[in-house]
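Student: Could we go through this structure together? I would like to begin with its pockets.
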Amino acid sequence: MSTDKKRVQFRAPNRLINRADALATVLGEDRTDVLVTALREYLQEATHDDALTQEIAAAYYDGEISHEQLKALVGAEEAANLRVLKQQLDEDFVDDVANR
């Protein structure tokens with residue numbers, strides 16, 4: 001896991017933060033640890049959802065996200081597979097294959 005960290009700031013409902021603080025107290029951690037763990041687990045689970053994976057792939061094919069962003073979301077192997085598929089979907093590639 002990368003040790004690079006980026007400071008983020010966001011607003012969340014008081015009730016949600018209170019629950020995070022309570023869990024942090026129980027676990028002997030700080031709020032940041034609880035929120036980072038929750039975010040990591042959410043992203044891990046979300047990127048294994050087929051519907052969301054299709055949305056991520058569509059965003060990549062449409063140029064809304066970079067290959068690096070794609071790789072961060074779905075992992076290197078899946079990103080490589082999607083890159084190959086994107087190249088295959090490229091009109092020039094289709095034209096080249098059709099003309100052979």
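Student: What volume does the largest pocket have?
Tutor: The volume is about 1,600 Å³. A pocket here is an open set of points on a 1 Å grid over the protein atoms alone, where a 1.4 Å probe fits, with protein on both sides within 12 Å along at least five of seven lines; lining residues have an atom within 4 Å of a point. The volume is the space filled by probe spheres set on the points, which are joined across faces, edges and corners.

Student: Which residues are closest to its centre?
Tutor: L35, V36, T37, L39 and R40, out of 38 lining residues.

Student: Which elements give two or more residues to that lining?
Tutor: Helix 1 (14-27), helix 2 (31-46) and helix 4 (67-74) do. Helix 2 gives the most, twelve residues. Helices are DSSP runs (H or I, at least four residues), numbered from the N terminus.

Student: What about the model itself?
Tutor: The model is predicted: local features need pLDDT of at least 70, side-chain atom pairs count only at pLDDT 80 or more, and totals for chains, interfaces and linings use all residues. Residues are numbered from 1 along each chain as its sequence is written, and side-chain values use heavy atoms, with hydrogens and water left out.

Student: New topic: where does L52 lie?
Tutor: L52 lies in helix 3 (residues 50-61). Its relative accessible area is 27%, so L52 counts as partly exposed, between buried (under 20%) and exposed (over 50%), with a 1.4 Å probe and protein chains only.

Student: Which residues does L52 touch?
Tutor: A46 and T47, not counting residues up to four places away in sequence; contact means heavy atoms within 4.5 Å.
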